[in-house]
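Work through these exercises with the model open. Each task is followed by a solution in steps.

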Amino acid sequence: MSCGQTKTVVIGTVGAGYAAYLHGNGYEKVNGVSVRLKTVCDLNLPLAEKVKERYGYEQAVGDYRLLLEDPEIEVIDIVLPPFLHTSIAIEAMEAGKHVICEKPLTGYFGRPGQENIGVTVPKSEMLSQCLAEMDRLKEVVEKTGKKFMYAENFVYATPVQKAAEIIRAKKTKLLFMKGEESLKGSSSPVAGKWNKTGGGTLMRTGTHPMGGMLWLKQQEAAARNEEITVQSVSCDVGCATRCLTGDEHRHIAAQPEDVEDYGVISVTFSDGTKALCIASDTVLGGTKNYIEIYGNNTALNCNITPTDLLNTYFLDEDGLEDVEISEMLPAKLGWNKAFVNDEIIRGYMGELQDFMEAVAYDRAPASGFSLAYETTKVIYAAYQSAEEGRRIDF
């Protein structure tokens with residue numbers, strides 16, 4: 001970054017749901033680069049107006065094409081459902097815009113109105129179609145030369161960033177990694193439908209630890225001047241909550257229809273090393289996020305949430321109605337591990353800082369297209385592995 005020089009980056013955001021607020025919080029904390037939030041778009045214009053008022057966008061509109069036609073807007077920030085990611089990204093890049101894309105990059109969603117595709121469509125067909133779709137986007141990325149910035153916050157989580165610094169400094173060979181994101185299910189009413197989410201807990205939450213571990217292998221490979229690829233995946237999935245009675249189910253939010261609520265992926269890399277990714281909608285007590293790293297010269301445990309920065313104890317919840325303590329906790333009574341500076345520790349601030357610097361100073365983002373592509377490929381190959389009961393080799 002050049003001292004004394006401030007570059008302004010002009011943003012157009014497509015989508016006004018939950019992720020628009022995560023990104024808005026990140027934009028607010030960017031330093032060294034001036035961020036101009038020009039336009040936010042959503043088909044539900046009142047939602048866009050709320051985001052506009054909260055973060056100071058200059059205008060809210062209902063048609064995303066207005067953003068593509070605006071010569072001032074440099075970056076299209078895509079915070080839409082995954083089935084729209086690749087099509088909007090292609091249009092944006094062909095219109096000369098850089099792209100920020102939320103996770104996951106894409107998935108298989110079937111034909112409009114098609115139900116139960118998670119049990120009727122072969123996972124090998126899903127993988128094939130995902131790869132074809134991503135290959136089309138890859139051609140556009142390469143042809144246009146515009147930046148594709150993949151909003152995988154695990155990459156920018158402060159423990160993971162520090163671990164990467166250590167791995168690069170010590171040129172560590174990562175022998176085994178274990179990553180997990182588990183919780184009690186999703187608050188989304190469509191989380192149990194494959195045609196809305198592109199999969200179950202592996203797709204919704206497993207993308208985070210998987211993306212983080214794949215990125216750490218990229219850091220290792222660069223530091224050691226090696227080429228490391230994914231050689232094979234094996235996977236097991238299930239619907240553990242289906243055995244519960246209605247009353248027994250009351251604390252678990254998972255309602256899987258044609259998706260899994262539990263998944264474990266074992267990855268073998270081309271250097272023979274391993275990674276294990278765990279995702280589950282069966283875990284009470286708040287969201288559980290971590291990556292454990294075991295190398296030839298170091299062991300690193302990245303505790304993303306919960307942390308021990310602040311432990312709280314309450315006998316009642318008086319006055320705490322608007323105070324967030326932790327994600328996915330139904331009550332605040334007793335002892336809890338409170339989230340402190342969550343937007344920093346979990347990487348939301350870091351990813352937007354990196355993306356704005358990448359555009360302002362014309363450099364590659366830490367989390368880019370190759371990571372987005374590889375993460376989706378691994379997860380859909382894992383689904384095929386689970387369905388066919390065999391290891392999938394690349």
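## Exercise 1: An aromatic pair

At 12% relative accessibility, F109 counts as buried. The coordinates come from a predicted model.

**Task.** Classify the ring pair formed by F83 and F109, and say where each residue lies.

**Solution.** 
1. A pair of aromatic rings is described by the distance of the centres and the angle of the planes.
2. For F83 and F109, the centres are 6.1 Å apart and the planes stand at 65°.
3. Planes over 60 degrees apart count as edge-to-face, so the pair of F83 and F109 is edge-to-face.
4. Now place the residues. F83 is in the loop between β4 (75-78) and α4 (85-94). F109 is in the loop between β5 (98-102) and α5 (117-120). The two are 26 residues apart, and the pair links distant parts of the chain.
5. Check the exposure of the partner. F83 has a relative accessible area of 44%, which makes F83 partly exposed.

## Exercise 2: A second pair, and other ring contacts

**Task.** Classify the pair of Y156 and F355, and decide whether these residues are buried or exposed.

**Solution.** 
1. The ring centres of Y156 and F355 are 5.8 Å apart, with the planes at 85°.
2. The pair is therefore edge-to-face.
3. Y156 belongs to helix α7 (residues 153-156), and F355 to helix α12 (residues 348-360). The separation is 199 residues, so read this pair as a link between distant parts of the chain.
4. Both Y156 and F355 are buried.

**Task.** Which rings have the charged end of K217 or K377 over them?

**Solution.** 
1. Start with K217. Its charged end sits over the ring of F269, 4.9 Å from the ring centre.
2. Then take K377. Its charged end sits over the ring of F394, 4.6 Å from the ring centre.

## Exercise 3: Helix packing

**Task.** Describe how α4 packs against helix α6 (residues 123-144).

**Solution.** 
1. Two packed helices are described by the angle between their axes and the distance between the axes.
2. For α4 and α6, the angle is about 15° and the axes are 10 Å apart.
3. Angles under 35 degrees count as roughly parallel, so α4 is roughly parallel to α6.
4. The crossing of α4 and α6 is left-handed.

## Exercise 4: Backbone checks

**Solution.** 
1. The bond from K103 to P104 is cis, with omega near -15°. P104 is in the loop between β5 and α5.
2. The bond joining T305 and P306 is also cis, with omega about -5°. P306 is in the loop between β12 (299-305) and β13 (311-314).

**Task.** N225 and D362 are not glycines, yet phi is positive in each. Locate them and give their exposure class.

**Solution.** 
1. Phi of N225 is near 55°. N225 is in the loop between α10 (201-224) and β8 (230-238). Its relative accessibility is 73%, so N225 counts as exposed.
2. Phi of D362 is about 50°. D362 is in the loop between α12 and α13 (369-388). Its relative accessibility is 60%, so D362 counts as exposed.

Notes. Residues numbered from 1 in each chain as written. Predicted model: local features only at pLDDT ≥ 70, side-chain atom pairs only at ≥ 80, totals over all residues. Heavy atoms only, no water. Phe/Tyr/Trp six-rings, centres within 6.5 Å; stacked < 30°, edge-to-face > 60°. Helix = DSSP H or I, 4+ residues; strand = E, 2+ residues; numbered from the N terminus. Buried < 20%, exposed > 50% of the residue type's maximum accessible area, 1.4 Å probe, protein only. Lys NZ or Arg CZ within 6 Å of the ring centre and 35° of its normal. Axes fitted to C-alpha atoms, helices over the stretch in contact; angles between N-to-C directions. Parallel < 35°, antiparallel > 145°, perpendicular 65-115°, else oblique. Left-handed = near helix turned anticlockwise from the far one by under 90°.
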